[in-house]
Amino acid sequence: ENNPSTTTTTTKTKEEETLEVWKPTKGVAFIYNPAANKGKSKEFFEKNKERIQAIYQPVPTHILETQKQGGGYDCALEAVTHYKCDLVVACGGDGTVNEVLNGIVDPKTKKPRAAMAIIGLGTGNDFRRTLGFADNDLEAYITALNDGYCKNLDFGELQSTHIVNIEEGEEDYLNAEEEEKQDEEEEEEKEESQKDDKKEEQKQKPKKRAIQKRRFFMNECTYGLGGAVMQAINSQKAHPFGKTASFIFHSLYQQVTFENKPAVMHFDDMDPVQMVQKMASVCNGRYFGNNMIAAPRGRPDSGTFQVCCVGDVGVIESIPILKNFYKGTHVQHPKVHTMECKRFQASPLYPKDHLYIEMDGELFGQLPCEAVKHERALKMVVPKDFESHQPQPLYHDS
């Protein structure tokens with residue numbers, strides 16, 4: 001019913017025939033961070049508020065501002081549970097897209113409660129490149145919303161390990177002998193006057209334990225070098241020169257100092273693969289790191305992840321590899337390995353090794369981890385030339 005009639009002026013191209021034309025009927029929510037991208041997000045909404053509200057009239061349109069870090073999740077949850085919206089638009093970068101995705105997907109059924117669209121207003125917009133939206137072309141997003149072309153896309157789900165503080169009175173799982181020995185050492189150190197301050201701080205430091213957390217993702221997850229960069233940024237209490245400067249500094253610093261570590265990987269039901277790695281990326285989209293083509297053959301409706309592993313390369317050897325990421329030719333290097341799978345598992349060979357995970361531009365735990373695909377489960381608004389921006393399908397329709 002929503003499809004345009006077949007006339008000389010509305011005849012669909014072959015690309016458009018692979019897409020569904022759909023419009024929301026219950027409600028629409030636009031979610032944005034007014035402080036994002038140095039205020040450009042707020043500027044966009046101030047300039048285009050009336051146009052945005054007119055797109056889906058008379059369907060109710062809600063413009064929701066995030067109030068804190070992670071606020072995209074809260075707003076998306078409010079949109080689908082309180083306002084009963086059947087379309088939620090993530091207006092920001094990859095982090096906002098991730099937050100909104102997790103807000104609209106039911107954690108029990110693992111099914112989205114609304115369709116999704118994006119407006120790339122953030123500093124990191126790698127997933128919009130996969131969809132086919134050009135740099136700095138904000139009009140293209142408005143056009144896509146007006147056209148209503150949609151595609152059912154995959155999204156991933158990651159379970160990873162998180163080290164958390166043990167609450168007072170909670171079982172700490174320490175071996176009794178180790179705990180007694182630890183107390184003796186602390187008492188000895190406490191007697192040394194020069195270490196009183198440090199020891200007092202250590203004594204008050206809470207004990208920790210490992211728990212498992214799950215989160216959905218739209219673009220990619222990367223452990224190793226990329227995770228180490230995010231861990232370093234998050235550990236920094238303040239960013240006097242801004243987060244972009246911190247990212248550049250820690251990226252360069254970790255590139256020089258990061259120690260490659262062995263990990264054991266499982267691809268679906270294949271035999272495990274052990275490899276010393278600089279990094280590994282599990283991709284639903286194609287891009288990461290602000291326009292690096294991590295998965296040249298990846299497409300978000302293929303039903304499979306594209307996994308890219310950079311092996312045991314040193315600083316000098318990794319320079320041309322990283323450069324070739326921008327062209328997608330890094331996969332030709334003999335120490336770069338790619339694999340296609342629906343389920344991916346990884347764990348450090350040595351349990352004491354910490355391999356942190358970056359997910360859609362944010363830190364999310366460390367190995368061991370498991371990623372699974374939810375195939376073509378999310379209705380996403382896409383540009384009408386979506387197909388021309390995708391590599392040849394890696395699946396075969398029945």
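**Exercise 1.** Determine whether R129 and D126 are buried or exposed, and characterise their contact.

*Solution.* Step 1: R129 and D126 are both buried, where buried means under 20% relative accessible area, exposed over 50% and partly exposed in between (1.4 Å probe, protein chains only). The model is a predicted one: local features need pLDDT of at least 70, side-chain atom pairs count only at pLDDT 80 or more, and totals for chains, interfaces and linings use all residues. Residues are numbered from 1 along each chain as its sequence is written, and side-chain values use heavy atoms, with hydrogens and water left out.

Step 2: R129 and D126 form a salt bridge, their closest N and O atoms being 2.9 Å apart; the term denotes a side-chain nitrogen of Lys or Arg within 4 Å of a carboxyl oxygen of Asp or Glu.

Step 3: Because R129 and D126 are three residues apart in helix α5, about one helical turn separates them. Helices (H or I, at least four residues) and strands (E, at least two) are DSSP runs, numbered from the N terminus.

Step 4: A network of salt bridges links D126, R128, R129 and D135.

**Exercise 2.** Identify which strands are linked by the salt bridge of D154 and K373, and state the burial of each residue.

*Solution.* Step 1: The side chains of D154 and K373 meet at 2.9 Å, N to O. Step 2: This pair links distant parts of the chain, with D154 in strand β6 (residues 149-165) and K373 in strand β18 (residues 362-381), 219 residues apart. Step 3: D154 is buried because its relative accessible area is 0%; K373, at 10%, is also buried.

**Exercise 3.** Classify the ring pair of Y32 and F45 and locate its partners.

*Solution.* Step 1: Rings of Phe, Tyr and Trp (its six-membered ring) pair if their centres lie within 6.5 Å; planes under 30 degrees apart count as stacked, over 60 as edge-to-face and the rest as tilted. The whole structure holds nine aromatic pairs. Step 2: The centres of Y32 and F45 are 4.2 Å apart and their planes stand at 15°, so this pair is stacked. Step 3: Y32 lies in strand β2 (residues 28-32) and F45 in helix α2 (residues 40-55), so the pair ties together parts 13 residues apart in sequence. Step 4: Y32 and F45 are both buried, and ring pairs join F30, Y32, F44 and F45 into a cluster.
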